Every structure is written in C-alpha cells, then in structure tokens.
Amino acid sequence: MRPIITALLSILIVCATESHAQDFYRRQLGFTRVKYAHDHLDSTLRRTFRERGLDFPPRAVYLRVFKDERSVELWVRSADSMALYRDYNFCGYSGTLGPKRAQGDMQVPEGFYQVTHFNPTSSYLLSLGLDYPNAADRIHTRGGNPGGDIYMHGRCVSIGCISVQDNDIREIYLLAARARAAGQQRIPVHIFPLRMTETRFAGLLNTVLEQPTLADFWTQLKAGYDAFERNHRIPTLRVDPSGRYRLEGRQR
C-alpha cells in the first residue's frame, strides 16, 4: 500500500507543479504592460512560429548576448536542440569588453547566467532580472562589492544592463514568460564579449597579451560558446572552487 500512496503523492505533486507553471502566464497577463504586449504581438508570434515550423508556445528559450556586436539572440526549443528565432539589436550600452567586477563600474557582465525574475512594472517598461552576481562572480569579487540589479529591459538606456527597443523587450518578455509557463524554470542567458569564432577570438586575445587573467576568463567563455555551436544544445556548466567555468559531463 505504501508504494501506491507514494506514487499517488508524486503524481499530485507533479500535477500541482505543472498547474502552477501554467498559471504563471495568466498571472502575467494581469499586468497592463504584459497584457498590451500580448494583445499586440501574440497573433504575429503564433503565425511566425507556425511558418518556421516551430512549436508555439515555446517549451524553452535561450538567450545569447554579444556585446561587441550589440546583439541579443533568442533561441527556442525545436525537437531535441535549439533553433534561432530572432536576432535583436540592443541599443543601450555602457562599459567595455570584459566582465563586471565592481559596483558602479558601468560594465555589462560576461558569463553564464539565468533569468531569476520577471518585472512587469519596470521603470524600463518590462525587464528580466539576471542572477548576477553568480557563483563565479562572487568568488572573483570576494572582499569587494560586485554590484547587482542586472536586467534585460527596454527604453534604450543602460548603466550596466542590456537594453533593447521597447517592442523587442515586449517580444522577448512574452516568449520567456511562455517558456516559464511551459515549465522551464531556468532560462539561460549567456553573455559574451563578441561572437567567439576562431578568427574573432584570436583577435580578441591579441588585445590582452599582457592580461593573462582576462585571456583565461575569455577562454572559459569560448568553451561554452563552442559547446553550443557544435550541436545547438545548451551546455551544462558549473563553477569550480577557483571561480572557473567548467563544462559538466560529456558534451555531444
């Protein structure tokens, strides 16, 4: 009897979790700005996804940011890999290439992050909050103040955040909210200094010949970039005790 009860409880927990996830999008529609975005963009999104042979709503999304190119890529789940849905330009930018290491340094972070919260009443229209500082950032800034409150948002202004056009953040926000409602609890946001092709990466390293720590950090990011480029599957990464990013397991 006990195994049967345990199995039933597991089923109830799964059903409750799925119901809660599905309620997320409905709750978001209770906010004026999200409702406006939904009313104006949902039918277009549905049509575009259908025309490209992509599932709607998306079961998962993945965001890649390239600072030098001012580019935000949005990928969506397609079969067992990811397909590029759209490449957005970001229009508000501060700082230079390289990671964020201190409060007030105006830097857009670099590294492997995820969306931690949705803000439908942001001062910058709509915003997605990132988990900066992550474990690696906290190790590298031990003893200092790494800062925080890093978002992807609208309004084309930035003091360390990733800012896009208002209609673009509406679209990104809706698709991320759809994925969250479909059960994706961790929406990855990987931020690179630039598109890390072999040629561009070699040129990047040539700019920091006397900064081996920065070169090593960018080499860690390239490993994650290359892993995704091989098969369009989001790599699993961890942070070791020294604050280095490591690929987890076998990346096929």
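Two strands count as paired if DSSP finds at least two bridges between them. The model discussed here is predicted.

Q: Which residue of strand 8 stands opposite Tyr113?
A: Strand 4 covers residues 111-122 and strand 8 covers residues 187-192. The two strands pair in the antiparallel sense over 5 bridges. Within strand 8, the residue opposite Tyr113 is Val189.

Q: What is the bridge partner of Phe118 in strand 5?
A: Strand 5, residues 125-130, runs antiparallel to strand 4 and is joined to strand 4 by 5 bridges. In strand 5, Phe118 has as its bridge partner Leu128.

Q: How many residues lie between strand 4 and strand 5 in their hairpin?
A: Strand 4 and strand 5 are antiparallel. They form a hairpin, and the number of residues between them is 2.

Q: Why does the radius of gyration of the protein agree with that of a compact globule?
A: The protein has 252 residues, and a compact globule with that number would have a radius of gyration near 18 Å. The two agree because the protein has a value of 19 Å.

Q: How far apart do the centres of the positive and negative side chains lie?
A: The protein has 34 positive side chains and 26 negative ones. The centres of these two sets are separated by 5 Å.

Methods: Residues are numbered from 1 along each chain as its sequence is written. This is a predicted model: local features need pLDDT of at least 70, side-chain atom pairs count only at pLDDT 80 or more; totals for chains, interfaces and linings use all residues. Side-chain values use heavy atoms; hydrogens and water are left out. Helices (H or I, at least four residues) and strands (E, at least two) are DSSP runs, numbered from the N terminus. The radius of gyration is taken over C-alpha atoms; the globule rule is 2.2 Å times the number of residues to the power 0.38. Lys and Arg count as positive and Asp and Glu as negative; His and the chain ends are not counted. The place of a charge is taken as NZ of Lys, CZ of Arg, CG of Asp or CD of Glu.
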